[in-house]
Number of protein chains: 2
Amino acid sequence: MKNTYIIDFEPIGLRIPCSKGETVFDAAGKAGIPIISYCGGKTICGHCKIRIMNGNASTISKNEKNLLSEEEIANNYRLACTMRVLSDLKVEIPLESLETIQQLQLLGKEPQLSLDPVITKYEVKLQESSLENPLADWENLEKFLEDKYGFKNLRPDISLLQNLSSNLHNKNGVFSAFIRDDEVIGITKSAEDYYGISIDIGTTKLAVYLVDLGSGQTIAIQGAMNPQIAYGEDVMSRISYAMENGVDQLKNCLLNTLNQLIQELTGNPEKVLDVTIVGNTAMHHLFIGLPVIQLGRAPYLPTIVQSLDVKARELGLNVAQGAYIHLLPNVAGFVGADHVAMLLATEIYKTSKNTIGIDIGTNTEVALSVNGDIASLSCASGPAFEGAGIKHGMRAGNGAIENVKIKNNKIDFTVIGDVPPTGICGSGILDTISQLRQQKIIDQRGRLQDHDFVRKIKAGREFILASKENAGIEKDIVVTQNDISEIQLAKAAIRAGINILLQEYGINEDEIENVVIAGAFGTRINVESAIKIGLFPSIPLSRFTQVGNAAGVGAKLALISKEYRSIAGNIASGVRYVELTTHPKFTREFSHALQFP
Amino acid sequence: MKNTYIIDFEPIGLRIPCSKGETVFDAAGKAGIPIISYCGGKTICGHCKIRIMNGNASTISKNEKNLLSEEEIANNYRLACTMRVLSDLKVEIPLESLETIQQLQLLGKEPQLSLDPVITKYEVKLQESSLENPLADWENLEKFLEDKYGFKNLRPDISLLQNLSSNLHNKNGVFSAFIRDDEVIGITKSAEDYYGISIDIGTTKLAVYLVDLGSGQTIAIQGAMNPQIAYGEDVMSRISYAMENGVDQLKNCLLNTLNQLIQELTGNPEKVLDVTIVGNTAMHHLFIGLPVIQLGRAPYLPTIVQSLDVKARELGLNVAQGAYIHLLPNVAGFVGADHVAMLLATEIYKTSKNTIGIDIGTNTEVALSVNGDIASLSCASGPAFEGAGIKHGMRAGNGAIENVKIKNNKIDFTVIGDVPPTGICGSGILDTISQLRQQKIIDQRGRLQDHDFVRKIKAGREFILASKENAGIEKDIVVTQNDISEIQLAKAAIRAGINILLQEYGINEDEIENVVIAGAFGTRINVESAIKIGLFPSIPLSRFTQVGNAAGVGAKLALISKEYRSIAGNIASGVRYVELTTHPKFTREFSHALQFP
C-alpha cells in the first residue's frame, strides 16, 4: 500500500508529495503554499476552505459541517486543516483562501516574472594550484569565473576571503559561487538552494517573505508586530521618543525581531544572499539608525530618499556574511519605499487610467495617477483603524467583532474565530459606524442620538454593540462617542488627502476609474461601509480592488528582478510629492470630511 | 624684541616658525621634518647634524664639540638637538641627517609628485530645503555636487548618512565633502586639513607615515616594533602560531598598535580619510585576519594577491568612519605588497638597466630586472641580520657596536649613542665577520682559527669583540662560532636567491648595472663588508644605492596618486615569481654560498 500521495493544487498548478493521513493544510504549509488560517489549523476560523476536484479524503467532520454552508458542502468544499489525505488528490484553493501574495499572482497583479535577481549562482570546479602554477586561491577562482563565464575584474567580499582558502581546499575545488555585479559575495556547497528575503516594515506590522532566488517562488511568509510599538503607537510618537532617547533602542528592537523571524523562516540565515526592504521613511530611517528629528518637523525632510545598497552585516542583520540589503527608494516626507513598492506591485505606475492607490495604515499613503502622472501624499490617519485608541478596539484576531449589520433594532455580527466577542477590530468599527449612520443613530456630525442601544455615560454617550446578556460575555462591548470621533478624524484625514489629490489634477470623483486598496486593513474592510461613512468617494463598487500587502509584493519584485529595482527608482523620482499638513486647502477639506454623508 | 623666528630649511625649502631659544631639532619635529636621531635629541648619538648658513644660534656646547669633527665645526656644522635659535636662521640639513623618505625625495628617488589622491575635497554651500522644495538632505547635497562639480550618480557612505542631517543643519550648509570615486565618504568643517596614512607592516618593524592629502607632503613618520614578535620572530613561526591558535591574537595586537600610532600621529583619527598598506603576504593576511595555513606549506599559496579596497571600519582600523584602506597587491608566495611598493618607489619597474632590488629583512625579497622584465623571489634570511639569534645580538640602538675594523691585532668600532657597548647590531656583526675573514681569523668555511682574540668554549670557539678590560664593561662581548653560522645561513639564502635570478636570465654578475638596497638594515650596512662576506656579488661599489624604507615610500606614492595605484597593480601582475625553496638549483647555490669568498 502506498504511504505517500501527491496533491495537485489548482489553479496554482503545484504538485506536492504528502504522507497518508496528513492534513492538506500541513502538507501545503510544508511546501510553502500559504493557505489562510486565522486559528492556525485548529478548525475554528473556517478560512482554509478548499474544494476537492478528485480523490479520496477522510469523511467530513462535525466541525467542518458547522463552519461550512450547506451549499459549500454540496460543492465538495472542505477545510484543509482537518481533511486527511487518503489517495492522490486534486484540490482547488479558492482565491480567498490564499495569502495576499498568491492572490496577487492569481489576480495578475504580480506581473509576469522575469526572474533576474542581482545575485546569480555559478557552479565552480577549480584545478588545484601547484608549485609550477602557484595561483593564489582568489586568483584561481577569479580565473575560473573569467574563463568559464566571462567575468572580468571581479572582486571578493572581504568576509568571503576570510573563509575562502579553507572552503576551497575542503570542498575539493567544487562549490557554487554567488556573484553580485562585480563582487563574489559568497560560496556554498555545490547545488544548494539559495534564498532572498523581502521585508515590509510597517509602523504596526512586519512582514517577511522568504523567496527561492533560483525559482523566484515565495516559499514562506512570516508576520510579526513591530516591537517599536512599545515606544509609541504611531510614527510621530516614535519620532518624539527618538528625539529624547536617540534611535538605538528603536533600531535594535526592530533588528532583533527581524533576526528572529529570519532565523525561524530559514533555519540557516547563511543561505540568505540578498535582502530588500520597504517601509515609510520613518521606519526606513530607524532601521538604518538614521536620526529622525528633521523628519518630525516642517519641512519634514528625510535624510535620504534614494535607494541604498548596504552590506547586511554593517546594519546587524543576520544573513549571509557577504549579502547586501537593498533599501528601496523613498519619495519625500513620510511617503516612503513602501508606497513606491505598492505602486510597483499594483502596476499603477504604468496605468493610463485615472487610478487611486491607497495603503491604509497608521500612516496612510495615497497616490493618484492621471494620464500616467502620479502625485502622492501621506495622511496621519492614526491607529484607530487598527483598533488602537478605541475603547473596545482590538486587532483583527480571535474574538474581534466584524461584519456588523443593524436592522430593525437588531444587531448582527460575526466574530473572528467564532468565539464569544472580546472587542471590535478596525473593519468591525467601520461597519458599525456605517450602520449607525444608515440607521440615523448618529447624525451627520457623528453625534449619537437617543436610541434603545444608546446610553448616557459620564463622558457622553455610547452605543451597546454586544450586551452581556445577548452575547454571554462579562461586560458590554460598546462604541463610544469618543470612538466615533477617532474614526471621524482618521477617515477625514484620508478623505481630505484624496480630495486634495483630485483637485491637484482638477478631476471629479466620477472620473476615478480605479481605486486600488492595499494593506492588511484595506483588504479586510467592507468597501460599501467605507463609502457610506465617507472614507472613500461614492463611486461604483466595481471600481475598487482590494489587493492585500502590495508593498510586500513590491519588495519581493525588487528582490527577484534588477529591472524592477530600476523601475522602483523611476517611480520614486517620478512621483510628485504633495505636502498635506501645510496644504492651503487641507483645513477646509479636512473639516468637511469630518462630517458623515 | 622678537620672540618668534623663522627657520629656513635647505635644500628642502621649508620655512617654519620657532620660538626664541627653542632647539632646531624640536622646531623641525613639530613641523614634521624628520631629522634623524638615534638618541631622541639627548645629544648622545651625534646624528642630527645641520649646517648654519645664516643667522645666530647659541654657542657650541661641550657635547657638540665631542660629537663633531674639527673640520665639521670649522664648516659651521652643529647638532640640531642642542643648538638654540637666537634669530631668523637659514640652515642646511645634510642628506644623511634626514629620514629615508626625505632622502628619497632629495635623491630624486621619489618621482615627481603628480598629486592625484583617490580622495578629493569639495567645498559645499547648500540652500536650506523648504516646504515648497522639500529636498531630502542627501539629495540636496547630491544636487549641489552635481550642479557645481558635475558629479553624477553619487552615493553616500552609510556612516555619513548617520550624521548627515545634524552636520548639515549645524554647519548652516557650509562644509567640505570628501569624495572617492562615486561615493561621498565624509564631511568636515570647511577648509580643514585632511590626511592620509601609509603603513608599512614589516615582520619586525612598523612604519606609519602621516601625509597631508591636500599637499602630498609627508608631515610625520612614526615607527614601532611589530607586536606580533611576541608570537614568533619570523614569518614561519607566526604562521605556526596561527595554525595552532588562529589569527585573532596576531591580528588584534597589530591592530591595537597601529591604532595607537595613528592616534599619536594625528591627535584626531577622524581627519584620516585614506589609508594604504604594504607588507609581505603573511603580514598582509594577518592584518586582514585571513588564515595563513595554506601560506605556510607548499605550494605556499596566498588567499589573494590582487589589491583590496576595504572600509577601514570593517577591519577595525580607527580612522574616519567612511575611509577605505587600500591594500597594495601581492605577487605570490611571500613576495608581498611591500616588494611591489619597493619596485614602485625605486622606479625599478621602469628601468631598462639590469637592476637588482633587494629589501633585506627577516624575510628578504630580491628582484632582478633585465630589459624591463622583472623576476622576484623571497629568501627566508631569518632575523640574524636584525640581531636576533646572535649571542650578543641586539637591534640597532644605543649601545650597539657598529663600524668594526680589525687591523694589526687591534679592534676599532663605534657604538651607537657613544655609550659603553652592550651588544652588536646587524651591521656590526656583518662588519665583524667581514674583518675576521680579511684577517683570516675565520677560514673559507667560517671556522674560527687560533688567534689571540679567539678562545675555546664548551660549544666551540668565540671571538672576543669587546673585552671587559678594554671596553670597561661587565662581561665580554663576543661573536661565537654559532653566530657566524647564523650569518652564513642568512647570507647564503640571499646570495642563492640573487644567483638563481641571474641564472633565470642567463646573465653574469658583471652585467648587473645597479643594485638598489632597501630597508632599514640595508641602509645601515657597509656594502663593502657585505661584498666581502659574499652577501652581494663582487661588483663596483658605485653600482650600489642604499635607499632606506622604499616600501614605505611606495605605500605613500599609492596614497597620493591614483596613477601609482594602477602602476602597482601592473607591477604585481607583471612580476614573474620564482619559488626558491623548491628550485632545482637552490640546494647547490645555497651550499656554495655558505662559504666565504
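Predicted model: local features only at pLDDT ≥ 70, side-chain atom pairs only at ≥ 80, totals over all residues.
**Exercise 1.** Describe the extent of the interface between chain A and chain B.

*Solution.* Let's start with the residues: 41 of chain A are in contact with 41 of chain B. Next comes the area, with about 3200 Å² buried between the two chains, 66% of it from carbon and sulfur atoms. On the chain A side, the residues that lose the most area to chain B are A:Leu131, A:Ile158 and A:Leu301, together 17% of what that side buries.

**Exercise 2.** Find the polar links between chain A and chain B, then work out which elements of chain A touch chain B.

*Solution.* Begin with the charges: the rule finds two salt bridges across the interface. In a salt bridge, the side chains of A:Glu314 and B:Arg313 meet at 2.8 Å, N to O. Now widen the search, and 20 residue pairs are in polar contact between the chains. H6(A) gives the most, with six residues. Finally, sort that side of chain A by class: 24 residues are nonpolar, ten polar and seven charged.

**Exercise 3.** Is A:Arg565 buried or exposed, and what surrounds this residue?

*Solution.* A:Arg565 counts as buried because its relative accessible area is 10%, and the cut-off is under 20%. Then look beyond neighbours within four places in sequence: the contacts of A:Arg565 include A:Arg180, A:Asp274, A:Asp309 and A:His326. Also among them are A:Val118, A:Thr276, A:Ala558 and A:Leu559.

Technical notes: Residues numbered from 1 in each chain as written. Chains lettered and ligands numbered in written order. Heavy atoms only, no water. Contact = heavy atoms within 4.5 Å. Buried area = accessible area lost by both parts, 1.4 Å probe. Salt bridge = Lys/Arg side-chain N within 4 Å of Asp/Glu carboxyl O. Polar contact = N/O pair within 3.5 Å; in protein donor to acceptor, adjacent residues only side chain to side chain. Helix = DSSP H or I, 4+ residues; strand = E, 2+ residues; numbered from the N terminus. Nonpolar A, V, L, I, M, F, W, Y, C, P; charged D, E, K, R; others polar. Buried < 20%, exposed > 50% of the residue type's maximum accessible area, 1.4 Å probe, protein only.
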